[in-house]
Amino acid sequence: MCSRYYIDDDTLDEVFDLLAGRKSSGLNWTTRDVHPGETAPIIMKRNAGTWLAEMKWGFPQYSGKGLFINARAETALQKKTFSESVLRRRCVIPAQHFFKHIYDAISNAIGPQKLFLCAEKNG
């Protein structure tokens, strides 16, 4: 399960170019790792237009502790937590790659393992 993603300058520049700078003011547009619970840039439809905005990553758990950050595509429509959002509140997350941190019990090292990468640009 991917629990982080990375936003790089090239991805943000490409999004700005595609949307001609249409964004809400005061947003945090920086190259960084994005963790669950943090706000990050998204692309959304609003009033028949496409806009850049920020949203917090995750759905609150019913217990009030922690966040749901992933849903199975094959069951998301049947789950109360995700169904309304899947049908009516979709967005695009501009990311260079998604990854999870792995723990090596031998060396006690923690590091990223990239799971989904964007295609490389050819000049």
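Contact between two residues means that heavy atoms of the two lie within 4.5 Å. The structure described here is a predicted model, in which local features need pLDDT of at least 70 and side-chain atom pairs count only at pLDDT 80 or more, while totals for chains, interfaces and linings use all residues. Residues are numbered from 1 along each chain as its sequence is written, and side-chain values use heavy atoms, with hydrogens and water left out.

The secondary structure of the chain consists of 2 helices and 8 strands. Helices (H or I, at least four residues) and strands (E, at least two) are DSSP runs, numbered from the N terminus. Read from the N terminus, the order of the elements is β-α-β-β-β-β-β-α-β-β. The chain has 123 residues, of which 28% are buried. Here buried means under 20% relative accessible area, exposed means over 50%, and partly exposed lies in between (1.4 Å probe, protein chains only). The chain exposes about 8,800 Å², and carbon and sulfur atoms supply 54% of this area. Accessible areas come from the Shrake-Rupley method with a 1.4 Å probe, and for residues only the protein chains shown count as cover. Among the contacts in the chain with a separation of 6 or more, 46% are between residues 24 or more positions apart.

In soluble globular proteins, nonpolar side chains tend to be buried together. A nonpolar core is a set of buried Ala, Val, Leu, Ile, Met, Phe, Trp, Tyr and Cys residues joined through side-chain atoms within 4.5 Å. The largest such core in the model has 13 residues, and those with the most contacts inside it are Tyr5, Ile7, Val34 and Leu52. Two or more residues of this core come from each of strand 1 (4-7), helix 1 (9-19) and strand 3. Helix 1 gives the largest share, 3 residues.

Leaving aside neighbours within four places in sequence, Ser3 is in contact with Val34, Pro36, Trp57, Ile69, Phe99, Lys100 and His101. Ser3 counts as buried because its relative accessibility is 18%. Pro41, found in strand 3, is also buried, with a relative accessible area of 1%. Pro41 and Thr30 are 11 residues apart along the chain, and their C-alpha atoms are separated by 9.3 Å.

Rolling a probe the size of a water molecule over the atoms shows where empty space is left. On a 1 Å grid over the protein atoms alone, a cavity is a set of points where a 1.4 Å probe fits but cannot get out, and a pocket is an open set with protein on both sides within 12 Å along at least five of seven lines; lining residues have an atom within 4 Å of a point. Grid points are joined across faces, edges and corners, and a volume is the space filled by probe spheres set on the points. The largest pocket has a volume of about 1,100 Å³. It is lined by 28 residues, and the closest to its centre are Phe59, Ser85, Arg89, Cys91 and Ile93. Strand 3 (39-46), strand 4 (49-56) and helix 2 (80-88) are the elements that give two or more residues to this lining. By class, the lining has 19 nonpolar, 3 polar and 6 charged residues. Ala, Val, Leu, Ile, Met, Phe, Trp, Tyr, Cys and Pro count as nonpolar, Asp, Glu, Lys and Arg as charged, and the others, Gly among them, as polar.

Ser85 belongs to helix 2 and is buried, since its relative accessible area is 13%. Thr81, Phe82 and Ser83 of helix 2 are buried as well. The buried residues of this helix pack against strand 5 (59-60) and strand 6 (67-68). Phe59 is in strand 5 and is partly exposed, at 29% relative accessible area. Beyond four places in sequence, Phe59 touches Gly66, Leu67, Phe68, Thr81, Phe82 and Ser85. Ser85, by the same rule, touches Phe59 and Arg90. Phe59 and Asn70, 11 residues apart in sequence, are 9.0 Å apart in space from C-alpha to C-alpha.

Leu77 lies in the loop between strand 6 and helix 2 and counts as partly exposed at 49% relative accessibility. Not counting residues up to four places away in sequence, Leu77 touches Ser83, Val86 and Leu87. The C-alpha atoms of Leu77 and Leu87 are separated by 7.9 Å, with the two residues 10 apart along the chain.
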